[in-house]
Every structure is written in structure tokens, then in C-alpha cells.
Amino acid sequence: VQLQASGGGLVQAGGSLRLSCAASGRTFISYAIGWFRQAPGQEREFVAGISRMGGSTIYADSVKGRFTVSRDNAKNAVHLQMNGLKPEDTAVYYCAARWWTVVITTEYGYWGQGTQVTVSS
């Protein structure tokens, strides 16, 4: 599966952005999707994940209540709605696919290119 993330940009603190991850391939429904982010000089960290059918989601504590992950299997797409953005959310955001189950580590087999999110104070 190939992934392409989009939707990043510059936003003021308190604002919102919606990231999208477009996937190719007919087996998209077999993959759990994770969103990760990496700030300069820091390790890549888990942000949110969604199960194959979308019935189960998981979030990092730092974004819980502010971010919402969803997927549309008919369109091979996953979205990350980010509300209440903070300067510390500034990072390159990546979507990744993993066969069958979501994990919060970086053990995903397929990664999209990142999209930059910058939150100004």
C-alpha cells in the first residue's frame, strides 16, 4: 500500500487543521492506520491510530480530546482532525499503515511522506 499525507500548514494557536492520508491499493481495508509526528531533534512519536474498520481508535495523551482520527474505506482515506492546536503540536506529521492491528510503536510497514504542521503562538 502507498500512502500520501496532505493538509498541513501554518495555523495560530487554538486553530484547526484537517490532515488527510490517501492510500492506494485494493487491500486498504486490511490495514490499521497510525498517525505519527516528529519535531526537529526529537524522535517520531505516536499521535493516533484507527483500526481496519474504524471501530476502534487510540490517541496519545497529549492530543486526547483535541484530535479525532477517522477513515473512509470506500475512498481509501484516513483523516486527522486537529482542533485546539498548540505550539507544541508543531511537527512533521506522517501516516503509516500496518497489517491488521494498530500499535503505538513505529512498527508500521508502510509510511507516507510527511506534511508539515506549524502552530504559531
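These notebook entries record what I looked up in the structure above.

**Entry 1: the model**

I note that this is a predicted model, in which local features need pLDDT of at least 70 and side-chain atom pairs count only at pLDDT 80 or more, while totals for chains, interfaces and linings use all residues. Residues are numbered from 1 along each chain as its sequence is written, and side-chain values use heavy atoms, with hydrogens and water left out.

**Entry 2: aromatic pairs**

I began with the rings. A pair of aromatic rings is described by the distance of the centres and the angle of the planes. Rings of Phe, Tyr and Trp (its six-membered ring) pair if their centres lie within 6.5 Å; planes under 30 degrees apart are stacked, over 60 edge-to-face, and the rest tilted. My search of the whole structure found 8 aromatic pairs. One of them is the edge-to-face pair of Phe36 and Phe46, with 5.6 Å centre to centre and 80° between the planes. Phe36 belongs to strand β4 (residues 31-38) and Phe46 to strand β5 (residues 45-50), so this pair ties together parts that are 10 residues apart in sequence. For these elements, helices (H or I, at least four residues) and strands (E, at least two) are DSSP runs, numbered from the N terminus.

Next I looked up the pair of Phe36 and Trp111. The ring centres are 4.9 Å apart and the planes stand at 55°, so I recorded the pair as tilted. Because Phe36 lies in strand β4 and Trp111 in strand β10 (residues 110-111), the pair ties together parts that are 75 residues apart in sequence.

I then checked accessibility, where buried means under 20% relative accessible area, exposed over 50%, and partly exposed in between (1.4 Å probe, protein chains only). Phe36 has 0% relative accessibility and therefore counts as buried, whereas Trp111, at 28%, counts as partly exposed. Ring pairs link Phe36, Phe46, Tyr94, Tyr108 and Trp111 into a cluster.

**Entry 3: charges over rings**

A charge sits over a ring if NZ of Lys or CZ of Arg is within 6 Å of the ring centre and within 35 degrees of the ring normal. I found the charged end of Arg44 over the ring of Trp111, 4.8 Å from its centre. That of Arg52 sits over the ring of Trp100, 3.6 Å from its centre.

**Entry 4: the disulfide**

How many disulfides does a search of the whole structure find? I found 1 disulfide (a pair of cysteine sulfur atoms within 2.5 Å). Cys21 is joined to Cys95, S to S 2.1 Å, and the link is right-handed, with 70° about the S-S bond. Cys21 lies in strand β3 (residues 17-24) and Cys95 in strand β9 (residues 91-99), so the pair ties together parts that are 74 residues apart in sequence.
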